[in-house]
Amino acid sequence: MIHVHHRKRCDAVNMQLSQIPEMSYGSQPTAEATVDLHNAANPTEKPEHKASASSPQSVVKAQPDSNCIDLEVLEPNQTRTQPLRDHSAQGTASILSELSENSEKVETRDRMCSENTELRRAPVHSGAKPTLNLELLRFEFRQIKHIDQVAQAFGLRFWVQFRIEGGARNDGLVADISGHDPPLFASARWYLSQLNWRNASEEPQVLEASVRAMGDDLHVILEVAGRFDERMELSWFPFDHQELSVKLRCACAKEGKVPVAFTGLKTCVQAIDHETSVLVSSYQIEDHCQVQLSETEPVPGRTYPVLTFTANVHRRPGFYLINVAIPMSVLSLMSFLQFDVPPEEVADRASITLTLVLTAVAYKLVTASMLPAISYLTLIDKFILSCIILICVVYL
């Protein structure tokens, strides 16, 4: 009984569809050719509304030897571009299989495109962790402004240049210098921003920070001016020799996703400008500089590469010899004038000795203001103390 009723409903739909004029699939369906599915399946009910030109329309067509109806929803002003498909059980299974295959192809293509983009933009951070090599080409101590031995610091203008071999062929490295949208990280400018000065007293002034493409390579240039801390060895002051060092660290850990290695230390060009230095009268600056590679481990399991650039300077002792050593030597010799005073005149001999000792102590305080608060004796300290002891021994 149910089958007969279902057959009658389909016959009614086919009868209404036979009254729809034929149209080509490429043309716009007319009002007569667009019917509501509910009204087609229920011919006894009255439609509540008519299809308008601005509302979606359903194109309905019965299959010749099937009890199924083919339905397609068309948006306003949309024309058919594909023929109606068979929506029987066999046709539906075929359509689902085709859609599944197309979806897998699209996902595979998108995944390959994404992986290819990542390969061109930055190293793939899985397994081997490719390391970016920053080859040191040149560094220069352009100006040593001052050396503060009390604060154990010095002022410096420093310039350094690195090269990334083949970096101009990497879209990720050159993205932010070629006008394209830069990646989240691993661009050349991003690597440049990871370089910091480990022994700077305060953040140095950046005079130049640029990335330039030269052929197939990228050149990273950095110039700064600032104040740097340096632990000075003053045992032989004022005949001391100091090593003024600046430490450049890259904040890309060796165990991280974008490790960096410094290379080219043995072949780099080094220079130091003597003409612009204001310390020529106080220090003798050597022409040869050094660069060393080391690692720092602020936390366990995270090591960072550090480059240490060193300039050697020797103090010119003339100022301290003239203003401290020679006067103290004269005072020590003057203590021998006590022998011209009769031994019984103790007060006169004591007054001479006391005056000389106080003068030597005053010189000691002057030299102490020139040195930091260190726990060992410098050469000039030993000399002044020897002079004071000599003056006291002569009095006895």
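Let me start with the open sheet: four strands, in the order E5-E8-E12-E11, with antiparallel pairing. Strands here are DSSP runs of E with at least two residues, helices are runs of H or I with at least four, and both are numbered from the N terminus. Two strands pair if DSSP finds at least two bridges between them. At the edges sit E5 (195-197) and E11 (283-299), each pairing on one side only. From one strand to the next, the twist averages 25°.

A word on the source: this is a predicted model, where local features need pLDDT of at least 70 and side-chain atom pairs count only at pLDDT 80 or more, while totals for chains, interfaces and linings use all residues. Residues are numbered from 1 along each chain as its sequence is written, and side-chain values use heavy atoms, leaving out hydrogens and water.

Inside the sheet, E8 (residues 241-250) pairs with E12 over nine bridges. Leu 248 stands opposite Leu 307 in E12.

Next, the hairpin. E6 (residues 205-214) and E7 (residues 217-229) run antiparallel, joined by nine bridges. Ser 210 stands opposite Ile 221 in E7. Two residues lie between the strands, and Gly 215 in the turn has a positive phi of about 70°.

Last, helix H5, residues 318-334. Which residues of H5 are buried? They are Tyr 320, Val 324, Ala 325, Pro 327, Met 328, Leu 331 and Ser 332; buried means under 20% relative accessible area, with a 1.4 Å probe and protein chains only. These residues pack against strand E12 (302-315), helix H6 (346-369) and helix H7 (379-395), where contact means heavy atoms within 4.5 Å.

Terms used:
The expected span of a helix is 1.5 Å times one less than its number of residues. Buried means under 20% relative accessible area, exposed over 50%, partly exposed in between (1.4 Å probe, protein chains only). Axes are lines fitted to C-alpha atoms, for helices over the stretch in contact, and angles run from 0 to 180 degrees between N-to-C directions.
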